[in-house]
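Hi,

Here is the structure I promised to pass on. Have a look at it first, and then read on for what turned up.

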Amino acid sequence: MLKVRWMTFVAVCAALLTANTVLARDEAALIVLGQAVFLEQSKGNCIACHAISDPQAQLAGNQGPPIFNMKLRYPDKRLLRAQVWDATRNNPLTLMPPFGKHWILSEHEIDAVVEYIYQY
Amino acid sequence: MNAAYTRYLLLSLLVFVANVQAAEPQTYQQAFELNRAMYGKGHLFTWQGQEFSTDHPEELDAQTPATRDKAEAMLHAAQVLNQRASELEYAWRMTAGLLEQAEQALRAGEFRQCMNLAAQAHYQARMSIQQAEYNQQHWRDAVPQ
Amino acid sequence: MLNFRKVKPFQGWITVALLLCATTSVLADASEPLIDPEADRQALRAYYLKRFPGVDIQDYINGIYALDAASREQWQALEEFPPYEFDLEAGEALFNTPFANGQTYAACFPNGGVSIRQHYPYWNAAEGRVKTLELEINECREKNGEQPYPWKKGPLAQISAYMAWTSRGQVFDIKVPADDAGALAAYAAGKRFFYAKRGQLNLSCANCHLEGSNIFIRADLPGPALGQTTHFPVYRSKWGELGTLHRRYEGCHRDTRSDPLPPQSDAFRNLEYFQTYMSNGLPVNGPGARK
């Protein structure tokens with residue numbers, strides 16, 4: 001009986017660990033994609049207007065505010081996602097393209113870039 | 001640099017306050033867009049007691065069984081709509097390319113691929129027409145007085 | 001939606017009055033009640049005077065180089081041996097070479113085509129459209145049995161550059177006749193084009209060249225809308241050659257991810273009409289050199 005319980009415990013632990021590793025790997029992959037979306041001209045080209053303290057982000061523009069303090073500015077990550085999806089909702093005249101509404105990026109790419117900038 | 005960061009800290013707080021007070025959607029369209037914006041596609045939300053999906057109508061259309069007839073119909077509808085956008089001088093640069101790829105997929109018998117591409121092109125054409133109409137009404141907001 | 005039979009007479013009148021008010025304001029909006037180019041020009045100048053105090057209005061013909069000292073230094077070095085010099089010589093030779101029928105460009109233009117750049121583009125009431133200098137150079141060729149040149153670069157840009165050169169220092173004096181509904185409509189269409197957002201990226205000209213002027217987009221500083229057309233045609237380092245204003249318009253339009261309109265389309269000629277009117281009072285300084 002004790003043996004069975006013990007084995008169950010080990011199995012559950014192993015499952016949880018694997019799940020965690022998979023989750024962590026997925027998140028890391030998402031962040032790698034998000035960084036590419038942020039930097040590459042053919043993708044999001046966010047760097048054209050937003051500075052970010054990523055050493056790979058050189059010669060950023062300053063048409064928009066720097067990516068800084070994101071967790072404080074957007075305690076609800078979903079609202080940050082909404083801002084990337086369509087910034088004209090809050091300001092119709094904004095220079096920022098509506099990346100989701102105009103299908104400039106895919107929904108997956110938007111998830112990725114949000115995950116990437118939410119680290120800063 | 002410190003001064004700049006202080007400024008952005010203040011700005012951050014302002015944005016924070018603004019976000020807390022994000023306006024409640026007034027129309028179905030606003031509710032749809034806000035939910036799509038926050039959750040992406042494939043999410044269900046409730047509007048006035050009814051449940052809806054955050055998928056675009058075009059995306060739902062592209063999920064129906066893939067047949068030659070359906071692919072042809074979706075491609076044709078997207079071409080017609082993008083023609084209308086062109087007449088308004090508001091067509092987008094990549095929509096014609098999507099339509100071309102959709103046509104190639106149709107010729108190759110890849111109906112699902114054709115439907116997905118036609119859905120994206122139709123959505124872009126629809127948004128570009130909406131953009132033309134919105135700007136016809138609101139462009140003066142940007143003029144310095 | 002409104003069922004008049006169900007409302008009492010008194011309430012009915014209120015509804016009618018409200019509807020009338022609403023209708024009037026909608027109509028007034030659609031029919032462009034106040035097309036006042038001069039007020040627009042003053043407002044644009046006031047905007048820039050406030051935004052960049054200390055920058056002389058006359059300096060706006062130099063675009064971003066009027067606003068950013070670092071860019072100005074590089075540009076002044078570039079202008080010591082102007083990259084458009086060869087094009088000017090070629091343009092002068094082309095301008096002075098008679099057509100196969102013995103006629104010349106000079107015969108097609110007022111004042112022999114010399115010192116006239118400041119009057120272009122203009123509203124041609126008889127044709128009911130805006131005429132640009134490039135359009136009339138090609139019309140002159142066709143009238144004399146020659147093939148028109150391509151709109152964006154090459155000989156057309158060279159001839160246009162030479163004609164601008166002979167007009168250097170002349171002050172832009174674009175007219176929008178207040179009693180000509182067509183001219184006013186063309187001007188208004190150009191103004192709307194400048195301020196309306198377009199393309200998949202949802203950008204207007206004004207996004208970058210009004211509020212975005214002199215703010216970095218990556219490593220580039222967009223130039224100011226005031227004085228933006230005075231130096232065309234331009235030798236652009238990015239192109240490595242001379243190009244016309246409409247070549248630049250087409251590129252800008254494409255950059256918004258619009259399906260770009262062709263050079264000399266109605267939309268671009270109207271835009272040039274609006275933009276050049278905004279530069280009234282500033283001197284011709286074409287051809288120019290830009291990064």
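Before the first residue, one cut-off: a residue is called buried if 20 or more other C-beta atoms lie within 10 Å of its own, exposed if 12 or fewer, and partly exposed in between. Please also keep in mind that this is a predicted model.

Let's start with Tyr118(A). You'll find it in the segment that follows α4 (107–117) of chain A. If you skip the neighbours within four places in sequence, Tyr118(A) is in contact with Met70(A), Lys71(A), Lys77(A) and Leu80(A). Leu95(A), on the other hand, sits 23 residues from Tyr118(A) along the chain, and 21 Å separate their C-alpha atoms.

Next, chain B. Its secondary structure amounts to 6 helices and 2 strands, and along the sequence they follow the pattern α-α-β-β-α-α-α-α. Chain B has 145 residues, and 28% of them are buried. Looking at contacts in chain B with a separation of 6 or more, 56% are between residues 24 or more positions apart.

Now for how the chains meet. Between A and B, 21 residues of chain A are in contact with 22 residues of chain B. On the chain B side, α1 (2–20), α2 (28–39) and α6 (111–138) each supply at least two residues. Which of the elements gives the largest share of that side? That would be α1(B), with 7 residues. By class, the side of chain B that touches chain A divides into 12 nonpolar, 6 polar and 4 charged residues.

Chain A also touches chain C, in a contact that takes 13 residues from chain A and 11 residues from chain C. Here the chain A side has 8 nonpolar and 5 polar residues, with no charged ones.

One helix pair is worth a look on screen: α3(A) and α2(B). Their axes come within 7 Å and cross at roughly 110°. Angles of 65 to 115 degrees count as roughly perpendicular, and α3(A) and α2(B) are therefore roughly perpendicular to each other. The crossing in which α3(A) passes α2(B) is right-handed. From α3(A), the contact uses Arg78(A), Arg81(A), Ala82(A) and Trp85(A), while α2(B) brings in Leu34(B), Arg36(B), Ala37(B) and Met38(B). Sorted by class, the residues of this contact are 5 nonpolar and 3 charged, with no polar ones.

Last, the cores. The largest nonpolar core has 57 residues, and those with the most contacts inside it are Val113(A), Ala102(B), Cys114(B) and Ala118(B). Two or more residues come from each of α1 (2–39), α3 (77–85) and α4 of chain A, and likewise from α2, α4 (68–87), α5 (95–107) and α6 of chain B. Which element gives the most to this core? It is α6(B), with 9 residues. As for Val113(A), leaving aside its neighbours within four places in sequence, its contacts are Gly34(A), Val37(A), Phe38(A), Gly44(A), Cys46(A) and Val84(A). Apart from this core lies another, of 54 residues, including Leu44(C), Tyr48(C), Val130(C) and Tyr235(C).

Over to you!

How values were computed: Residues are numbered from 1 along each chain as its sequence is written. Chains are lettered from A and ligands numbered from 1 in the order in which they are written. This is a predicted model: local features need pLDDT of at least 70, side-chain atom pairs count only at pLDDT 80 or more; totals for chains, interfaces and linings use all residues. Helices (H or I, at least four residues) and strands (E, at least two) are DSSP runs, numbered from the N terminus. Two residues are in contact if their C-beta atoms, placed from the backbone, lie within 7 Å. Ala, Val, Leu, Ile, Met, Phe, Trp, Tyr, Cys and Pro count as nonpolar, Asp, Glu, Lys and Arg as charged, and the others, Gly among them, as polar. A nonpolar core is a set of buried Ala, Val, Leu, Ile, Met, Phe, Trp, Tyr and Cys residues joined through C-beta atoms within 7 Å. Axes are lines fitted to C-alpha atoms, for helices over the stretch in contact, and angles run from 0 to 180 degrees between N-to-C directions. Angles under 35 degrees count as roughly parallel, over 145 as roughly antiparallel, 65 to 115 as roughly perpendicular and the rest as oblique. A crossing is left-handed if the near helix is turned anticlockwise from the far one by less than a right angle, and right-handed if clockwise.
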